[in-house]
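These notebook entries record what I looked up, one topic at a time. I began with strand pairing and then turned to the core and the pocket.

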Amino acid sequence: MPLAINSRGNLCREIPRGQYFAAALSFAVAALVLGVWITRDAGPSAIVPGWFPYFGLMLSAAGAAGFLWLALRGQPLEIDTDREALVRGSRVVARLAQIAHVEILEVRAENHEYWRVRLRLDSGRTIDFGVQSSQVDASMTAARIATVIDRPVEVVRR
């Protein structure tokens, strides 16, 4: 979840367009393989239900279309200091005055841990700003965001 300064001078979260293109390609290949499987299948099988390949084909095609749309048209989440708002494209997600603090949430799984950086609003709602694999990166990201919006950083452990 790298942060960048966009052409308007606002801090924003970059969109991993290359990863989205790779995911779209993977889903498209899966749809192609399922399409070939459907056309070459001689008849119903006792192991695989007849609807299963068609369902897989629809899911793969939908996944490819979704990731391709994100790669081409996805809008980054940005902190617009001129409008005093957190925006995505032209839509205002939240006003900066509504943000209580920047939060670093430590999440522990069975084999690993990661840190989620998010903005906590006065209403209790949170807006995710991304995930970091190291605590140092999460702290640096949170500090950079907190500096721009002039709010404190809080670390939450569960």
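Which residue in E3 is the bridge partner of leucine 11? I found isoleucine 79 in that place. I note at the outset that the model is predicted.

**Entry 1**

Strand E2 covers residues 11-13 and pairs with E3 in the antiparallel sense, over 2 bridges. Both belong to an open sheet of 5 strands, for which I recorded the order E1-E2-E3-E4-E5 and antiparallel pairing. At the edges I found strand E1 (3-5) and E5, each of which pairs on one side only. From one strand to the next, the twist of this sheet averages 30°.

**Entry 2**

I then followed the chain through two hairpins. Strand E6 (residues 99-108) and strand E7 (residues 113-121) run antiparallel and are joined by 9 bridges. The hairpin between E6 and E7 passes through 4 residues. Within this pair I looked up valine 102, and its bridge partner in E7 is leucine 119.

E7 also pairs with strand E8 (residues 126-132), again in the antiparallel sense, and here I recorded 6 bridges. The hairpin formed by E7 and E8 has 4 residues between the strands. In its turn I noted glycine 124, with a positive phi of about 100°.

- Tryptophan 115 has glutamine 132 in E8 as its bridge partner.
- Arginine 116 stands opposite valine 131 in E8.
- Valine 117 has glycine 130 in E8 as its bridge partner.

I set a general point beside this list: side chains in a regular strand alternate between the two faces of the sheet.

**Entry 3: the four-stranded sheet**

Which order do the strands take in the open sheet of 4 strands? I recorded E8-E7-E6-E9, with mixed pairing. E8 and strand E9 (153-157) stand at the edges with a single partner strand each, so one side of each has no neighbour in the sheet. The twist averages 25° from one strand to the next.

**Entry 4: the nonpolar core**

I asked which residues have the most contacts inside the largest nonpolar core. They are Ile79, Val102, Leu119, Ile127, Phe129, Ile145 and Ile149, in a core of 22 residues. The elements that give two or more residues to this core are strand E3 (77-80), strand E5 (91-95), E6, E7, E8 and helix H3 (135-149). H3 gives the most, with 5 residues.

Three of these names return me to earlier entries. Ile79 of the core is the bridge partner of leucine 11.

**Entry 5: the largest pocket**

Last, I looked up the largest pocket, which holds about 160 Å³ of space. It is lined by 13 residues, and the closest to its centre are Arg13, Ile15, Tyr20, Gln75 and Arg88. Which element gives the most to this lining? I found helix H2 (residues 52-73), with 3 residues. By class, I recorded 7 nonpolar, 2 polar and 4 charged residues in the lining.

Definitions and conventions: Residues numbered from 1 in each chain as written. Predicted model: local features only at pLDDT ≥ 70, side-chain atom pairs only at ≥ 80, totals over all residues. Heavy atoms only, no water. Pairing = 2+ DSSP bridges. Axes fitted to C-alpha atoms, helices over the stretch in contact; angles between N-to-C directions. 1 Å grid on protein atoms, 1.4 Å probe; cavity = no way out; pocket = protein on both sides within 12 Å on 5 of 7 lines; lining within 4 Å. Points joined across faces, edges and corners; volume = space filled by probe spheres on them. Nonpolar A, V, L, I, M, F, W, Y, C, P; charged D, E, K, R; others polar. Core = buried A, V, L, I, M, F, W, Y, C linked by side-chain atoms within 4.5 Å. Buried < 20%, exposed > 50% of the residue type's maximum accessible area, 1.4 Å probe, protein only.
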